[in-house]
Amino acid sequence: MGQPNSSFKKTDINTPYDAGVAQLVEQRFRKPQVDGSTPFASSIFMKIIFLGTNGWYDTQTGNTPCVLIETQSEYIVLDAGFGFYKLKDIISSEKPVRLFISHLHYDHLIGLHTLPLFKLSQGIDIYANKAIMKGLRAFLKRPYTSPVILLPTKVRFHTVTGDSNMPITFETAGLRHSVSCHGYRLHVEGKIVTYCTDTGLCSGLKRLAKDADLLITESAMAPGDRSPNIFHLTPEMAASVAAETRVKKLALFHFDPGKYPSLDSRRAAQTAVQGIFKDTIAANDSTVINI
Ligand SMILES: [Zn+2]
Ligand SMILES: [Zn+2]
């Protein structure tokens with residue numbers, strides 16, 4: 001078990017949305033236990049920590065997508081938008097770090113440009129389907145960013161060819177987006193967490209969501225939007241899927257900042273759809289969910 005990063009100081013926080021990181025880091029490193037472990041690591045509950053909840057681009061409402069599932073034994077990271085950099089102050093043990101990539105739009109991988117900041121002795125394992133992996137490997141080299149071979153952290157690539165139970169159990173399906181995009185249904189420590197972003201309504205989304213303990217999905221479009229955009233969801237569509245597939249909890253994220261200019265506008269969307277699916281939350285960059 002590694003030690004908390006004691007070099008992190010509150011004064012390192014300069015921007016409004018970094019306040020969320022400060023809160024997380026404070027929670028994360030508060031009162032180390034007698035055995036040297038931290039409150040998160042010693043919890044019997046899984047934590048889902050939202051690090052980036054904007055779609056498309058960063059604004060003061062947040063960074064682009066990155067979600068951490070911290071379990072007793074692993075860090076599972078979903079996408080690597082600009083919220084990814086916050087992991088360097090959160091990962092404090094040598095548990096495996098597994099990163100799942102949904103697709104190649106920059107808002108889901110631009111955070112990998114911060115990989116040179118990380119010094120993870122356990123390395124990082126990246127999972128993506130074949131076509132996405134090819135593009136990802138092409139991106140993770142010069143002239144776009146530092147080549148993986150020069151990074152202080154060992155990066156290992158794993159091509160996903162379908163559902164898998166090694167080393168963790170998950171199912172995957174294609175989603176409805178403008179480019180190849182995949183969702184994941186992860187079986188972790190007796191719970192099911194489904195992650196489907198950048199998608200319109202489709203059978204893959206519904207199959208992966210069925211009876212999940214938590215569905216994390218997108219709300220790129222504004223409430224009531226009836227434009228013919230078939231590659232994204234309104235919050236009403238997301239809530240209807242949650243109700244139809246009988247998930248236990250719905251977390252909305254990937255908010256288009258042009259349509260959700262403030263956190264208040266996200267809260268209004270949450271309230272608007274709770275009549276369709278009661279246990280809905282609109283996530284922001286400091287949201288933590290225990291399941
Ligand atoms: Zn996106
Ligand atoms: Zn996209």
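The model is predicted. Two topics concern strand pairing: an open sheet of seven strands, and strand 10 with its parallel partners, strand 9 and strand 11. A further topic is H103, a loop residue between strand 4 and strand 5.

**The seven-stranded sheet**

- The strands of this open sheet follow the order 6-5-4-3-2-1-13, and their pairing is mixed.
- Strand 6 (155–160) and strand 13 (288–290) form the edges; each has a single partner strand, so one side of each lacks a neighbour in the sheet.
- On average, neighbouring strands in this sheet are turned by 20 degrees against each other, direction ignored.
- Helix 3 (residues 130–139) packs on the sheet, where it touches strand 5 (124–129) and strand 6. The direction of helix 3 makes about 130 degrees with that of strand 5.
- Strand 1 (residues 47–52) and strand 2 (residues 66–70) run antiparallel and are joined by five bridges. Within this pair, G52 of strand 1 stands opposite C66 in strand 2.

- Strand 10 (residues 214–218) is mostly covered, with five of its five residues buried.
- In a regular strand, side chains alternate between the two faces of the sheet. For strand 10, both faces are covered: L214, I216 and E218 are buried on one side, and L215 and T217 on the other.
- Strand 9 (residues 191–196) pairs with strand 10 in the parallel sense over four bridges, and T194 stands opposite L215 in strand 10.
- Strand 11 (residues 250–253) also pairs with strand 10 in the parallel sense, over four bridges; here I216 stands opposite A251 in strand 11.
- A right-handed β-α-β unit is made by strand 9, helix 4 (residues 203–209) and strand 10.
- Another right-handed β-α-β unit consists of strand 10, helix 5 (residues 235–245) and strand 11.

- H103 lies in the loop between strand 4 (97–100) and strand 5.
- Is H103 buried or exposed? H103 has 25 other C-beta atoms within 10 Å; because the threshold for a buried residue is 20 or more, H103 counts as buried.
- Leaving out residues up to four places away in sequence, H103 touches H108, I132, H177, V179, S180, C181, H182 and D198.
- One of these contacts is I132, which is 29 residues from H103 in sequence and 6.1 Å from H103 in space, C-alpha to C-alpha.

Note on methods
Residues are numbered from 1 along each chain as its sequence is written. Chains are lettered from A and ligands numbered from 1 in the order in which they are written. This is a predicted model: local features need pLDDT of at least 70, side-chain atom pairs count only at pLDDT 80 or more; totals for chains, interfaces and linings use all residues. A residue is buried if 20 or more other C-beta atoms lie within 10 Å of its own, exposed if 12 or fewer, and partly exposed in between; C-beta atoms are placed from the backbone. Two strands pair if DSSP finds at least two bridges between them. A crossover is right-handed if, with the strands pointing away from the viewer, the path from the first strand over the helix to the second runs clockwise. Axes are lines fitted to C-alpha atoms, for helices over the stretch in contact, and angles run from 0 to 180 degrees between N-to-C directions. Two residues are in contact if their C-beta atoms, placed from the backbone, lie within 7 Å.
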